[in-house]
Amino acid sequence: MLKNTNKLLRVRTNLRGDCRSGKESSLVFAQTENERSHYSVRSDYSDEGHWQEGVQSSLKRRKIPEVDRISELPDSIIHHILSFLSAEDAVKTGVFSKRWMYLWTCASKLTFRHDPYRPRFPVRRFLRFVDKILFFYSSSEMEKFELDFDCQFAEVKWNHLDSLIQKWLRFVTRRLVEELSLKFCESVYLHPIPQFVFNSSSLTKLSTRECYYAPKGQVCWTSLWALTIEHAELSNDVLQKILGGSPKFKYLKLHDCWVINSINISSSSVLEYLEVHRCWSITRIDASSNSRLEKLVLKEMQNHEICRLLNVYSLTDVCLTFERKVSQFDCIDIPKKLLEKIKHVEKIALGSYCVQVLSLLELRGLPSPLSGSSCECLTLNTNLEEWYPFGLAHLLHCFPTLQKLVIDMTIFSEIEQFPDEVFPENHLEIVDRTFICLLEHLKTIEITGLRPYRHEPYDLGLVSFLLGNARVLKEMVIHFGCKVSGFGLYEKAKLFDLTQKLLSWPRCSPHAVVLID
């Protein structure tokens, strides 16, 4: 009270001065130091009594009306928030307010993912939950439906589970679902895709795992532009039906599929992206000369024939990573033919096997399948071994217009050494060859996975060579393949010494900047 009285006296004195000067003014102050309630006191009172009445009336606490801002959010914003949640979490938002209690019944996206590590929520209970949610769903349209669970622990018969899944699929297709994702985890049974799904004209994206593709009629995916098929039996005829019945088809990813042995892309197809991952039965990819295929990704291909590319002149981006045995390196004609087909591509990514083959060609003095390449961006996904400088020298010589070089050593690959081959050291420094890309075009270098306390001489030798020979280099970015936060004193000291060494090396380009992450 004493503090408040002193404050009022000071306010009164100031206001009297303002009144004598004939000026109207207002003053805002807090009743106590901890409170932030503001009051407006006017100074246009003619006498002391009126002034005290004004102060007392203004000191009355103003009650701020309580507003439930969560309940006042527009439906569009609430639905947007619910789209980021799983169906289980979306139902739980009903505790926020009464208005939110049933808004999930008309959410545009429904995501059902079962966590096998929740013993109190088994698969049988999860299936009942999905069935109940769809029973209460009230919207006439659906943007996305995702179903992901492990069928091995469903504890129901396969025919009953199939009928249940088909009932859900019919429910979402009648609501014109646009994005459909079906991912099952098992190894003894593939769930068939019903025919009415092949006739869904509203589908734009479809992703499946452990499903069986066998359309009984024509495929009518007039709006589909992206398809991902994982772990499925897929024949050549079915894939051709899909390509023929999808006029807007631009993205295709095949992961661990069998039976299929070739992919034919006609001139009428608008397919732009094709990824083939661990599909060991595929031996041929044929694209028409008028096709629109721009990016091709081949990963972990083990077939003896690898992949024979025909008429892929439209490609601008290619990624090739293979798993091969060292005994097969003597037969390098097939990978040479494969690399010849992509030398016109502007952006190329190569794995360990391709770099090993090029290293062998460099060591033996054989002609290169990539000579005269127009590649501008090169990515090498492999560890640095004793043969690596030979492969890099081969590529630098074959890519005279190279502008960006990326070396990623974080991708694990099982590398075997060459039998009966000896690779001399410091090949990049002693090779009698002019690298045009280092003299005129290479401006950006990015190295990822360099170990600060466990590096090979090939690592530092490579960095030193590139810094000392790239004349137009503007930026070299080095990402260490480890987290510094977990380092001890010894590792931090090694990191500091390595950083100082990298920054102190001479640079051929006066504009080169070294960034260490």
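Mentor: Tyr102 is exposed, with a relative accessible area of 58%, where exposed means over 50%, buried means under 20%, and partly exposed covers what lies in between (1.4 Å probe, protein chains only). The model is predicted, so local features need a pLDDT of at least 70 and side-chain atom pairs count only at pLDDT 80 or more, while totals for chains, interfaces and linings use all residues. Residues are numbered from 1 along each chain as its sequence is written, and side-chain values use heavy atoms, with hydrogens and water left out.

Tyr102 sits in the loop between helix H4 (87-92) and strand S3; helices (H or I, at least four residues) and strands (E, at least two) are DSSP runs, numbered from the N terminus. Tyr102 and Val91 are eleven residues apart in sequence, and their C-alpha atoms are 7.9 Å apart in space.

His114 is found in the loop between strand S3 (109-113) and helix H5 (123-136). With a relative accessible area of 13%, His114 is buried, whereas Tyr102 is exposed. Leaving aside neighbours within four places in sequence, the residues in contact with His114 are Phe121, Pro122, Val123, Phe126, Asp148 and Phe149, contact meaning heavy atoms within 4.5 Å.

Another loop brings us to Leu190, which is placed between strand S5 (179-184) and strand S6 (191-192). Not counting residues up to four places away in sequence, Leu190 touches Glu210, Cys211, Tyr212, His231, Glu233 and Trp258. The C-alpha atoms of Leu190 and Tyr213 are separated by 9.2 Å, although these two residues are 23 residues apart along the chain.

Most residues other than glycine have a negative phi. Glu210, which is not a glycine, has a positive phi of about 65°, and His231, also a residue other than glycine, has a positive phi near 50°. Glu210 lies in the loop between strand S7 (205-209) and strand S8 (211-212) and counts as buried, at 6% relative accessibility. His231, by contrast, is found in strand S9 (residues 226-234) and counts as partly exposed, at 24% relative accessibility.

In helix H8 (residues 236-244), the buried residues include Val238, Leu239, Ile242 and Leu243. These residues cover an arc of only 135° around the axis, which puts them on the same side of H8, the arc being that of the directions from the helix axis to the C-beta atoms. Asp237 and Gly244 are exposed on the other side of H8.

Strand S11 also belongs to an open sheet, whose three strands come in the order S11-S13-S15 with parallel pairing; two strands pair if DSSP finds at least two bridges between them. Strand S11 (262-265) and strand S15 (308-310) are the edge strands, each pairing on one side only. From one strand to the next, the twist averages 5°. Strand S13 (residues 284-287) is joined to S15 by three bridges, and Asp286 stands opposite Leu310 in S15.

The structure holds zero disulfides, a disulfide being a pair of cysteine sulfur atoms within 2.5 Å. Cys279 is accordingly in no disulfide, and the nearest cysteine sulfur, that of Cys257, is 4.5 Å away. Cys279 is buried, with a relative accessible area of 0%, and Cys398 also counts as buried, at 3% relative accessibility.

The buried residues of H15 are Leu495, Leu498, Thr499 and Leu502. Seen down the axis of H15, these buried residues fall within an arc of 105°, so they line one face of the helix. Leu489, Tyr490, Phe496 and Ser504 are exposed on the other side of H15.

Definitions and conventions
Axes fitted to C-alpha atoms, helices over the stretch in contact; angles between N-to-C directions.
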